[in-house]
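Here is a short briefing on a predicted model.

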Amino acid sequence: MPTPRHHLNRERRRQALAGPPAEPAAARPRQRPALMTAVRDTATESKRGTATEPKRETVAEDAVVRPRRLVPPATLAVLCVLTLLLGGFAGWAHSRAEGLRADPALGNTALTDLARTSEIKGQTAAAVAALFSYDHADTGPFEQAGKTLLTGKAVAQHRTLLDGVLAQAARQKTVITTTVTDSAVERIDGDRARVLVYADQSSVSTAGTAERQPKTPKQPREQAQDQGVYAGAMFAVDVVHRDGRWLVENIDTFGR
Amino acid sequence: MTRAVRTPAGSRPALAGALALTLVAGGFAAWTGRDWYAAAHDDSAAYAVQRDRALAAGEQAVQNLNTLDHHRVEQGLDLWESSTTGDLHKQLVDGRAEFTGQVKTAKTVTTARVLSGAVTELDDRAGRARVLVALRITVTTPDSKSTEKDSRMLGELTRAEGRWKLSGLGQAPVGGTAAG
């Protein structure tokens, strides 16, 4: 900013203000024209070199300047309206986006997150197989599964489900094998998921006659096979993601 | 430079402030607008919605097909037919007369309750889905004795005219089958 000229102009303005009577210093926009043209007059005179009649030019300039002075308030108004419109749109768009995201379907990432879905299915199937398989001759894997794959109330549920079976299995030297035949992830909500499991269990007693071993939640059908008993079971498990693994937190046997 | 000097001293900061506010508002508008567009055109959201629709339709259809009252066989079978499509629908239509006779002779009332259900596969584009539905079926005989039985249903759904319908239904086999 050219300070010398600035000062000069200011001085001139002051003088101009002092000249006309009763002009308040804090001139309202309306009152500026005169002073502005005066300033412009001196400034433009030398620049343009149109050294015609100063008086005439002032009049001409006055006409030009007047609309220009009206621009700032109009611009301000336009900006205000624009701000309100844009702000309003922003608020509306935000609420619409939130509304779309609030759809309960989106809170569930089962199948939409394929990698996680198959990870959960795989780990749940492995966990169920380990938790419900028992070999009287080598109980290590079974005990290990009970310690590492369960959490929360599932520990007690697992014990209740298997207590009777295990006592019998130990007596009859049974080998129980559980295989998950079908499973589907009902819901994934962050670190929690629920999986519907269909499993087959085979019980083979190595001490005499094969006996049916009701072991998991329920057996819709049982059917004798060559060397054992097969039973189908259905139940749902709630799993929770902890330290990179999915642990069984709840076993829902549908009230059976 | 001369022009800057000429601008009324009072409105310059106001103008600058207003302009800044407008720009900020414009920024927000652009951001939220983009966000909204993204939310509205989210493929996985559309997929999730289809998944839930398929499951709801599948559970309802499986329940329908396991519900029949010998007093109202015709309505029951109409519902069966309206819940199905494809081969399953054809089977039901073909076997209707025979089945009606059986149920009227047996005089049973069968009701079903869905315990749990989940989608295993969903091909949104082809309009096909597979569901597991855990079902508890209650059969009441004429002497008012009722028996409960749990069924492990496997359903196959096909989308027809925007609606998911059952195109295949069976029970999960037990014993000796390879793990799926």
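Start with helix α4 of chain B, residues 73-83, where B:G76, B:L77, B:W80 and B:S83 are buried. Viewed down the axis of α4(B), these buried residues fall within an arc of 120 degrees, so they line one face of the helix. The general rule is that an α-helix has 3.6 residues a turn, so residues three or four places apart point the same way.

**The two sides of α4(B)**

- The face turned away from the buried side of α4(B) carries exposed residues: B:E74, B:Q75 and B:D78.
- What do the buried residues of α4(B) pack against? Their partners in chain B include the helices α3 (43-64), α5 (86-94) and α6 (96-106).
- The strands β1 (68-69) and β5 of chain B are also packed against by the buried residues of α4(B).

**Strand pairing in chain B**

- Strand β3(B), residues 128-140, pairs with strand β4(B), residues 146-160. The sense is antiparallel, and the pairing runs over 13 bridges.
- In this pairing, B:I137 stands opposite B:K149 of β4(B).
- The hairpin of β3(B) and β4(B) has five residues between the strands. There, B:S144 takes a positive phi near 65 degrees.
- β4(B) also pairs with strand β5(B), residues 163-171. This pairing is antiparallel too, over eight bridges.
- B:A160 stands opposite B:R163 of β5(B).
- How many residues lie between β4(B) and β5(B) in their hairpin? There are two, and B:E161 in the turn has a positive phi of about 50 degrees.

**Chain A overview**

- Chain A has seven helices and six strands.
- Along the sequence, the elements of chain A follow the pattern α-α-α-α-α-β-α-α-β-β-β-β-β.
- Of the 256 residues in chain A, 30% count as buried.
- Take the contacts in chain A between residues at least 6 apart in sequence: 61% of them join residues at least 24 apart.

**Confidence**

- The predictor gives the complex an ipTM of 0.81 and a pTM of 0.70.
- Chain B has a mean pLDDT of 89, and 91% of its residues reach 70 or more.
- Which element of chain B has the lowest mean pLDDT, and which the highest? Helix α1(B), residues 2-6, is lowest at 46, while β3(B) is highest at 96.
- Over residues 1-6 of chain B, pLDDT stays under 50. For residues 1-6 of chain B, the model has six contacts beyond four places in sequence.

Terms used:
Residues numbered from 1 in each chain as written. Chains lettered and ligands numbered in written order. Predicted model: local features only at pLDDT ≥ 70, side-chain atom pairs only at ≥ 80, totals over all residues. Pairing = 2+ DSSP bridges. Helix = DSSP H or I, 4+ residues; strand = E, 2+ residues; numbered from the N terminus. Buried ≥ 20, exposed ≤ 12 C-beta atoms within 10 Å, placed from the backbone. Contact = placed C-beta atoms within 7 Å. pLDDT = per-residue confidence, 0-100. Arc of directions from axis to C-beta.
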